[in-house]
Amino acid sequence: MGFTTTVPGTARIGADRELKRAVEGYWAGLLDATELEAVAEQLRRTDREQLIAAGLDSIPVNTFSYYDQMLDAAVMLGALPPRVAGIADPLDRYFAAARGAEGVTPLEMTKWFDTNYHYLVPEIGPATSFALDTSKVLAELAEATDAGAAARPVVIGPVTFLGLSKAVDGGAQPLSRIDELLPLYEQLLTELATTGAQWVQLDEPILVTDAHDGLPELAERVYTRIAGATDRPKILVQTYFGDAGAALAALGRTGVEGIGADLVEGSVETIKAAGLGDKLVVAGVVDGHNVWRTDLDAALATLTDLREHVGELAVGTSCSTLHVPYTLAAEDDLDPALRGWLAFAAEKFDEVAALAGALAAGRESQATAFDAARDALASRATDPRLHVAAVRDRLGALTAADRARGEATARRAAQHEALALPPLPTTTIGSFPQTGDIRKARQQLRQGQITAEQYREQMETEIAEVIALQEQIGLDVLVHGEPERNDMVQYFAEQLTGFFATANGWVQSYGSRCVRPPILFGDVARPTPMTVGWITHAQSLTGKIVKGMLTGPVTILAWSFVRDDQPLAQTADQVALAIRDETVDLERAGVGIIQVDEPALRELLPLRSADRQAYLDWAVGAFKLSTSGVADETQIHTHLCYSEFGDVIGAIADLDADVTSIEAARSHMEVLDDLNAIGFSNEVGPGVYDIHSPRIPGAEEMTTLLREALAAVPAERVWVNPDCGLKTRTTEQVTAALTAMVEAAKAARAQVEASA
Ligand SMILES: Nc1nc2c(c(=O)[nH]1)N[C@@H](CNc1ccc(C(=O)N[C@@H](CCC(=O)N[C@@H](CCC(=O)N[C@@H](CCC(=O)O)C(=O)O)C(=O)O)C(=O)O)cc1)CN2
Ligand code: MET
Ligand SMILES: [Zn+2]
């Protein structure tokens with residue numbers, strides 16, 4: 001027997017971020033392992049009961065994680081790196097792999113497909129010898145089954161696991177070792193069956209990408225073999241984040257019983273053509289990656305059409321609800337109209353149930369849900385905030401000249417004259433430690449315990465301290481430290497029209513870290529300056545140059561939930577105009593250097609290569625629109641991090657920023673060769689200090705990195721800076737590391753000047 005309603009997975013951080021607090025408490029020694037596990041068990045129970053109460057008849061389990069599901073898969077397959085093997089306690093070993101420990105560097109972290117979630121990248125090398133550890137998945141299965149749930153264990157599938165892993169120590173491409181994993185998966189299936197699982201879900205999101213050649217063929221071979229296992233549960237191969245294309249037909253030819261497909265980003269036609277007449281298809285018609293309420297009529301039409309082409313049909317979300325907040329019920333201050341347009345995870349579960357109910361017993365049986373969805377859709381279509389004439393007129397009047405600055409060499413000459421910086425100028429990326437005091441002040445302001453004036457004074461004190469610290473360390477270009485920003489996107493969203501900020505809409509970003517993505521629902525404009533007061537205040541405290549600090553349009557889009565009623569390119573240009581207004585005001589206020597961060601440039605890159613150029617064109621266009629309103633003398637910086645830059649290297653050059661600071665410390669300046677290869681000739685600040693680790697690098701280490709940088713790029717184009725902002729570090733760490741960085745820069749500068 002199949003099932004009719006499910007989701008590929010759910011969030012696990014807790015509706016009130018209970019897991020964040022518990023895990024951080026465990027790290028700080030305030031909770032022991034038993035107390036941590038008690039919190040985890042309670043969260044799993046609440047989650048399970050919520051899905052059952054919503055009416056779902058197949059409940060995903062093993063989607064809980066203390067840190068990350070890819071790390072969980074590495075543990076299950078015996079693929080943790082040898083450097084953590086000496087840590088006896090399994091939980092401490094797990095956290096050491098995730099975040100490092102005394103003498104142990106953590107696994108690398110990178111973006112999970114096109115989301116703002118980060119996974120840990122398993123390392124596969126000659127020392128990796130796979131071995132199965134089913135303890136977690138069996139325990140979570142038994143826990144749910146004992147509670148009477150129709151539990152469906154979920155694990156990462158072998159193709160995705162190895163496809164997202166990286167080769168280390170001269171080892172072969174991980175996917176070349178897939179045959180070693182197949183017996184482990186077969187054994188896993190047997191154990192799951194013995195523990196009572198009727199179904200197992202194997203997640204294979206990599207099948208919606210062309211990250212490797214021949215993925216459909218590989219999937220067919222792998223799942224033909226796995227499906228041949230005896231004594232196994234039924235297998236659901238779950239794809240998400242896009243159209244699985246040829247892989248669906250390939251899976252259709254295997255013996256697996258079920259296939260999950262994303263129908264928000266993928267096409268129903270692919271499924272209809274895939275020959276799935278004997279499969280159960282889980283149709284992901286409810287968007288798991290965005291917050292808009294489902295058009296139930298349209299979704300039901302899709303499902304009804306699809307039903308004729310598949311063996312059995314179940315309704316689901318397009319991906320795990322990990323990527324959306326828990327519930328609208330936690331939002332007290334939402335605009336009533338907006339509330340009607342939205343569905344967070346809890347509301348999505350109800351949508352799934354309503355659609356399945358309508359499929360089974362007719363739309364009339366779900367009249368309340370369908371009527372409400374129809375009303376909300378109508379209200380959204382006609383809301384004046386979504387079509388603001390002034391914004392539209394301004395966009396309509398744009399010409400190519402609005403996206404172009406003066407010639408780069410002329411700009412450089414004008415800026416060198418205006419700024420008079422030493423060779424190898426030192427700077428930071430913007431944020432300084434976000435201390436508990438800073439966050440507490442913001443909470444007090446929110447709760448009315450301090451006035452806006454008191455808050456401003458406290459932030460100005462923070463800024464003064466950060467300026468004094470930078471002067472003492474001897475940095476050349478200073479920053480104000482961003483204390484007033486809860487988040488580099490949310491801060492701007494709170495001041496722009498067309499956005500709503502949530503009160504409790506937390507989404508896991510990595511490990512225990514969360515973000516509250518704002519909701520970009522309407523036309524965007526900037527009513528008043530957003531940063532000018534803070535920056536000019538900082539500048540008033542020092543004779544050194546303070547650079548202005550903004551977030552770019554692509555990153556604002558990437559880290560928000562964005563309206564789905566018009567092309568992203570158009571929305572990006574609206575945001576770009578708002579940022580452009582700010583750059584112009586900063587310049588007018590005397591700010592000579594303005595940084596416009598675009599760390600998420602890589603994140604929105606489409607998963608299929610055919611779609612990439614169009615994206616890069618509009619993304620670069622939006623950035624240039626945001627930065628081209630200033631004179632040649634004004635120096636525009638940008639900053640990129642958190643990604644493999646190879647696929648966007650041309651676009652980085654096309655941004656045409658005067659100075660690009662870019663994450664480079666962990667990869668030993670690799671990116672500079674890539675930039676050279678495409679003839680990049682503007683200034684660049686390759687990071688010499690990996691800020692993601694609590695480890696403090698010494699001056700020698702940074703000198704080595706700097707030497708590597710100077711071997712790749714002539715000194716007159718090189719800046720010296722950390723990899724990224726310092727907000728997650730402590731003041732002690734930052735002081736020590738930046739002091740060493742300035743020392744390294746001075747030494748290198750002396751050498752450059754001596755040889756000139
Ligand atoms: N949006 C976004 N995406 C991003 C990044 C980013 O900076 N922003 N960077 C990368 C990911 N890196 C990240 C690094 C750090 C944090 C992070 O530290 N998040 C904080 C929350 C940040 C925040 O919004 N803080 C608010 C609210 C803080 C808060 O939780 N306050 C407490 C009370 C205050 C207290 O006692 O601490 C509460 O409301 O309960 C503020 O400062 O105002 C956390 O999980 O703890 C998140 C992502 C990629 N994606
Ligand atoms: C994730 S990129 C961060 C850039 C920002 N200016 C900061 O320093 O925090
Ligand atoms: Zn960064």
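This is a predicted model: local features need pLDDT of at least 70, side-chain atom pairs count only at pLDDT 80 or more; totals for chains, interfaces and linings use all residues.
Local features required a pLDDT of at least 70, side-chain atom pairs counted only at pLDDT 80 or more, and totals for chains, interfaces and linings used all residues. Residues are numbered from 1 along each chain as its sequence is written, while chains are lettered from A and ligands numbered from 1 in the order in which they are written.

The chain was assigned domain 1 (18–382) and domain 2 (423–754). Such bounds come from an automatic or database domain assignment. Taken over C-alpha atoms, the centres of domain 1 and domain 2 are separated by 33 Å. Across the boundary, 36 residues of domain 1 are in contact with 28 residues of domain 2. Contact here means that the C-beta atoms of two residues, placed from the backbone, lie within 7 Å. On the side of domain 1 that touches domain 2, helix H1 (18–27), helix H4 (90–99) and strand E2 (109–111) each supply at least two residues. Helices (H or I, at least four residues) and strands (E, at least two) are DSSP runs, numbered from the N terminus. This side of domain 1 comprises 16 nonpolar, 9 polar and 11 charged residues. Ala, Val, Leu, Ile, Met, Phe, Trp, Tyr, Cys and Pro count as nonpolar; Asp, Glu, Lys and Arg count as charged; the others, Gly among them, count as polar.

Ligand 1 has 18 residues around it, of which Arg 439, Arg 442, Asn 486, Arg 513 and Val 515 come nearest. A residue is near a molecule if its C-beta atom, placed from the backbone, lies within 6 Å of it. Helix H17 (436–446) and strand E15 (513–515) are the elements giving two or more residues to this shell. H17 gives the most, with 5 residues. The shell around ligand 1 holds 6 nonpolar, 6 polar and 6 charged residues. The surroundings of ligand 2 include Met 488, Met 549, Asp 597, His 639, Cys 641, Cys 724 and Lys 727. By class, the shell of ligand 2 has 6 nonpolar, 4 polar and 2 charged residues.

The unreviewed UniProt entry annotates a "binding site" that covers Arg 17, Glu 18, Leu 19, Lys 20, Lys 111, Asn 116, Arg 513, Cys 514, Trp 559 and Glu 603. These residues span 587 residues in sequence, and their farthest two C-alpha atoms are 27.9 Å apart, so they do not all gather at one spot. UniProt positions are given in the numbering used here, feature names are shortened, and annotations may be inferred rather than shown by experiment.

Leu 19 lies in helix H1. It counts as buried, with 24 C-beta neighbours inside 10 Å. A residue is buried if 20 or more other C-beta atoms lie within 10 Å of its own, exposed if 12 or fewer, and partly exposed in between, with C-beta atoms placed from the backbone. Lys 111 lies in strand E2. Lys 111 is partly exposed, with 19 other C-beta atoms within 10 Å. Leaving out residues up to four places away in sequence, Lys 111 touches His 118, Glu 603, Tyr 642 and Ser 643.

Strand E11 (residues 310–317) has 6 of its 8 residues buried, so it is largely enclosed by the rest of the structure. Strand E10 (residues 276–286) runs parallel to E11 and is joined to E11 by 7 bridges. Strands pair if DSSP finds at least two bridges between them. Leu 280 has Glu 312 of E11 as its bridge partner.
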